Amino acid sequence: MNLTNLLNLSETMGKVTRLGIRHAGALGISALAWAGTAAYAVNDLAGGPGVNQLNLHPAVTKIAEEQHWLHWFMMIVCVVIFVAVFGVMFYSILKHRKSVGHKAANFHESTLVEIAWTIVPFVIVIAMALPATKVLVASKDTTGADLTIKATGIQWKWGYDYIKGEGEGIGFVSTLDTAHRQMSNNGGPKAGEAPDNYLLKVDNPLVVPVNKKVRIITTANDVIHAFAVPSFGIKQDAIPGFVRDTWFRAEKTGDFYGQCQELCGKEHAYMPIHVKVVSAQDYTAWVAVKAKEAAAKADDPSKVWTLVDLKARGEKVYAANCAACHQPNGKGAGPIKPLDGSAIVLDTDHAKQIRILLNGAAGGAMPSWKALSDTDLAAVASYTKNSWSNQTGVIVQPAEIQAQRGKPG
Amino acid sequence: MSAVLDHPDHAHDAHDHHAPTGWRRWVFATNHKDIGTLYLLFSFTMLMFGGVLALLLRAELFQPGLQLVNPELFNQLTTMHGLIMVFGAIMPAFVGFANWMIPLQIGASDMAFARMNNFSFWLLIPAALMLGTSFLLPGGAMAGGWTMYAPLSLQLGPSMDAGIFAMHLMGASSIMGSINIIVTILNMRAPGMTLMKMPMFCWTWLITAYLLIAVMPVLAGAITMTLTDRHFGTTFFNPAGGGDPVMFQHIFWFFGHPEVYIMILPAFGIVSQIIPAFSRKRLFGYASMVYATGAIAIMSFVVWAHHMFTTGMPVTGQLFFMYSTMLIAVPTGVKIFNWIATMWKGSMTFETPMLWAVGFIFVFVIGGLTGVILSVAPIDIQLQDTYYVVAHFHYVLVAGSLFAMFGGYYYWSPKWTGVMYSETRGKIHFWWSLISFNVTFFPMHFLGLAGMPRRYADYPMQFADFNALASVGAFLFGFAQVYFFFLVVLPAMRGKGVPSKQNPWMDEGGKGAEGLEWEVPSPAPFHTFETPPKLDATATRVIG
């Protein structure tokens with residue numbers, strides 16, 4: 001039996017009760033106003049959700065536009081059916097009630113009527129299926145792409161690799177802004193300070209050119225995720241061990257947002273998608289910058305680092321990858337093991353920690369980080385060995401990581 | 001006139017020594033009415049448990065940011081809420097109704113296999129305990145969603161194993177319950193009760209029971225493969241060893257979609273009993289109702305992949321599942337039209353059961369229409385895994401199944417307990433539930449259209465108002481059910497209230513509820529129809 005979990009649950013119950021008592025008088029309209037967007041002074045997010053938005057996102061691709069049209073068409077048909085059916089029912093309820101003296105009739109079947117109300121819905125269904133088929137077939141046609149990008153779902157961030165087309169070879173990882181994740185843990189944004197892109201801001205957005213057919217290949221590293229951008233009308237599961245694809249041709253420049261749509265573990269709500277659609281020139285310029293950056297960043301794994309430099313780099317790696325679970329203070333939480341004071345981190349045999357970094361642990365609860373570079377892994381290992389109460393003064397060099405790669409965990 | 005009183009030797013009941021008392025009556029229960037009561041009390045307990053989990057979720061989602069639970073616990077709560085409501089509340093509750101009503105409706109003395117009946121109920125207790133206490137296992141309860149998708153399910157802690165075993169037990173229980181219902185209906189009908197004269201509730205349950213027998217083993221297979229993937233080195237669903245995670249989804253939904261109908265067909269049956277009784281008119285299109293139920297059941301086997309439009313099926317696959325799903329709207333529509341035609345030119349009164357039945361039709365149709373919208377694959381691409389889907393299935397499962405069961409409770413509880421419920425309290429319960437239900441779930445359509453994903457512990461600020469509204473509605477809805485238990489169910493169980501007539505739903509003109517259950521006294525005696533009753537031509541009255 002796990003006491004922490006039990007305590008956790010009872011603590012939650014306590015919080016609910018306290019919240020209930022605190023707000024008992026305020027329940028209802030005033031509570032809504034207090035909790036609602038008004039108090040937070042939030043605005044619509046262009047390319048993302050609007051405040052109390054009632055319909056689908058404004059479309060920026062042909063497919064999304066057709067989806068809108070289909071949805072309106074379906075809505076209208078359904079509302080007409082609804083009104084007709086319940087018009088009859090409520091008429092009957094008003095007129096054919098005992099209290100107004102209506103006597104029950106005796107009929108209980110009519111082959112003609114029954115055939116009619118089987119055939120008419122059948123015809124309506126066919127009328128719905130025809131336009132839907134057209135849109136579906138168009139949305140599945142991923143041929144002739146100008147640019148192919150692989151989106152890899154990773155617990156809990158997105159990896160983007162430019163596979164084919166302008167910018168080929170660019171690859172980076174896109175993670176939720178750590179300040180936003182922290183805000184969430186601290187009970188949400190404070191009133192008046194809520195960013196409009198709360199939980200949607202990432203460090204590295206996916207950049208694509210406008211008016212070009214972009215094919216997105218999805219896959220995943222660990223569990224199933226789903227890549228979705230409502231404004232583009234796309235949603236495609238990212239399945240480990242398999243590749244699937246979808247496509248879009250954005251007709252407007254701007255920022256567009258989506259979120260992971262398939263339950264993928266505890267940080268499911270914290271792996272947003274931010275697509276920046278830019279003009280052809282801006283895209284070319286961005287590709288050039290990225291290429292330069294890549295050249296500068298290409299780390300030589302045999303380079304010998306000083307502790308200060310490596311720790312500084314490790315702090316960034318830790319914040320982007322580790323802090324969500326192990327916490328910025330290294331204390332862990334619930335089933336997440338603390339790093340502060342951890343025997344494995346402090347062990348003089350560096351291989352113990354390195355192998356866990358490379359291969360994961362606890363049946364995947366601690367994922368494998370082999371996708372990170374040798375230098376990044378060495379940096380984060382050095383950081384954990386020299387932070388909080390862990391002051392070993394020991395440094396892990398990239399070469400040590402390289403030596404452990406491929407060895408069984 | 002009472003059918004049971006046709007035993008001239010009243011002493012028969014007295015020397016009938018196998019009416020045990022105390023705890024033995026329940027633990028060793030073989031009487032269909034006692035077992036029905038056990039099922040209903042169990043499922044209500046689970047409804048409350050699952051409801052508390054849901055309210056914790058709604059409390060967390062009341063405003064953006066994490067205030068009450070961490071994301072791990074949030075995922076555990078969503079998962080357990082789903083599993084408990086589906087396997088612990090809705091399914092056993094319908095078995096409870098079946099146990100109570102099927103023998104009474106077909107003039108049988110009991111269920112066919114009385115001891116197996118006992119076993120299938122008592123299997124649920126360890127299953128529920130195993131599920132409920134999995135919160136205490138290391139790593140907490142199951143957190144991969146009620147759909148248990150691989151490979152996330154392969155990452156979870158020991159609670160996943162507990163959950164798998166619990167579901168095996170519940171599956172075994174359901175299969176035994178179904179065998180019992182099928183054999184009872186096919187073999188134990190009173191002479192003259194032909195299949196096509198049988199009450200609709202029996203028909204819907206007969207078909208449901210076949211569905212259960214067909215798909216529960218499929219679920220058992222899927223979760224057993226998950227278990228061996230977790231512990232015995234197989235890689236059915238684990239891509240690391242060449243397994244296919246999507247295969248899990250195909251197998252799961254091959255069970256999962258018929259399961260949806262398992263949870264709604266008996267509800268159709270209950271509503272088909274209530275509407276004619278309070279319209280004082282026979283059910284319109286009885287035969288087409290039976291055929292429509294059968295059609296829905298058969299079609300439910302060929303629509304499963306509409307839950308998987310975003311997995312990246314080939315376009316022909318998507319088209320097939322889109323068309324087949326849309327087609328299901330036809331037989332479902334037939335049922336709705338039949339109910340309204342039954343009401344048409346009737347002589348309606350609106351006691352509580354009728355309110356629930358009409359409320360059911362109204363709200364269920366909203367869920368049905370959003371279902372048709374979701375069946376359109378290009379729209380589903382936008383709405384899959386968003387709150388729109390959450391709204392849709394709560395409209396069909398809460399407003400569908402649960403509302404029908406409330407209707408069934410008010411309709412039959414006078415027969416079960418021998419006392420009438422308070423009409424005022426019943427109406428308060430109905431309106432309170434109907435309004436708070438819609439306050440809770442209607443705004444979720446908007447959240448889904450705006451793209452808010454389901455199973456999210458925290459959300460962008462723009463979704464705050466509708467979430468707050470839904471949370472307030474959820475608490476109101478929850479309290480309505482507490483009200484129902486303490487002010488409607490408990491008094492009835494204590495026998496407080498006006499004694500019920502043998503047929504409380506028969507008006508002075510002799511019109512109203514028909515069926516053999518109204519031919520026995522209220523409350524129904526421990527043993528009924530010990531000798532097969534002689535029926536009139538319509539098989540609704542006992543004539544000797």
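The model is a predicted one, and every value below was computed from it. In chain A, 5 strands make up the open sheet, with mixed pairing, and strand 5 of chain A is largely enclosed by the rest of the structure, because 7 of its 7 residues are buried. In chain B, the buried residues of helix 6 line one face of that helix.

**The sheet of chain A**

- The 5 strands of this open sheet in chain A follow the order 3-2-1-5-8, and the pairing among them is mixed.
- At the edges stand strand 3 (171-174) and strand 8 (244-248) of chain A, each of which pairs on one side only.
- When direction is ignored, neighbouring strands of the sheet are turned by 25° against each other on average.

**Strand 5 of chain A and its partners**

- Strand 1 (residues 147-154) of chain A runs parallel to strand 5 of chain A and is joined to it by 7 bridges; in this pairing, Leu147(A) has Val214(A) of strand 5 as its bridge partner.
- Strand 5 (residues 214-220) of chain A is joined to strand 8 of chain A by 5 bridges, and these two strands run antiparallel; Arg215(A) stands opposite Trp247(A), which belongs to strand 8 of chain A.
- In a regular strand, side chains alternate between the two faces of the sheet.
- Both faces of strand 5 of chain A are covered, with Val214(A), Ile216(A), Thr218(A) and Ala220(A) buried on one side, and Arg215(A), Ile217(A) and Thr219(A) buried on the other.

**Helix 6 of chain B**

- The buried residues of helix 6 (residues 124-132) of chain B are Leu124(B), Ala127(B), Ala128(B), Met130(B) and Leu131(B).
- Viewed down the axis of helix 6 of chain B, its buried residues fall within an arc of 160°, and therefore they line one face of the helix.
- The cover over the buried residues of helix 6 of chain B includes helix 3 (32-60), helix 4 (71-106), helix 5 (114-122) and helix 8 (159-187) of chain B.

**The largest nonpolar core**

- The largest nonpolar core holds 292 residues, of which Val271(B) and Phe360(B) touch the most other members.
- Helix 4 of chain B supplies the largest share of this core, with 22 residues.
- Leaving aside neighbours within four places in sequence, Phe360(B) is in contact with Val271(B), Ala399(B), Gly400(B), Phe403(B), Ala404(B) and Gly407(B).

Methods. Residues are numbered from 1 along each chain as its sequence is written. Chains are lettered from A and ligands numbered from 1 in the order in which they are written. This is a predicted model: local features need pLDDT of at least 70, side-chain atom pairs count only at pLDDT 80 or more; totals for chains, interfaces and linings use all residues. Two strands pair if DSSP finds at least two bridges between them. Helices (H or I, at least four residues) and strands (E, at least two) are DSSP runs, numbered from the N terminus. Axes are lines fitted to C-alpha atoms, for helices over the stretch in contact, and angles run from 0 to 180 degrees between N-to-C directions. A residue is buried if 20 or more other C-beta atoms lie within 10 Å of its own, exposed if 12 or fewer, and partly exposed in between; C-beta atoms are placed from the backbone. The arc is that of the directions from the helix axis to the C-beta atoms. Two residues are in contact if their C-beta atoms, placed from the backbone, lie within 7 Å. A nonpolar core is a set of buried Ala, Val, Leu, Ile, Met, Phe, Trp, Tyr and Cys residues joined through C-beta atoms within 7 Å.
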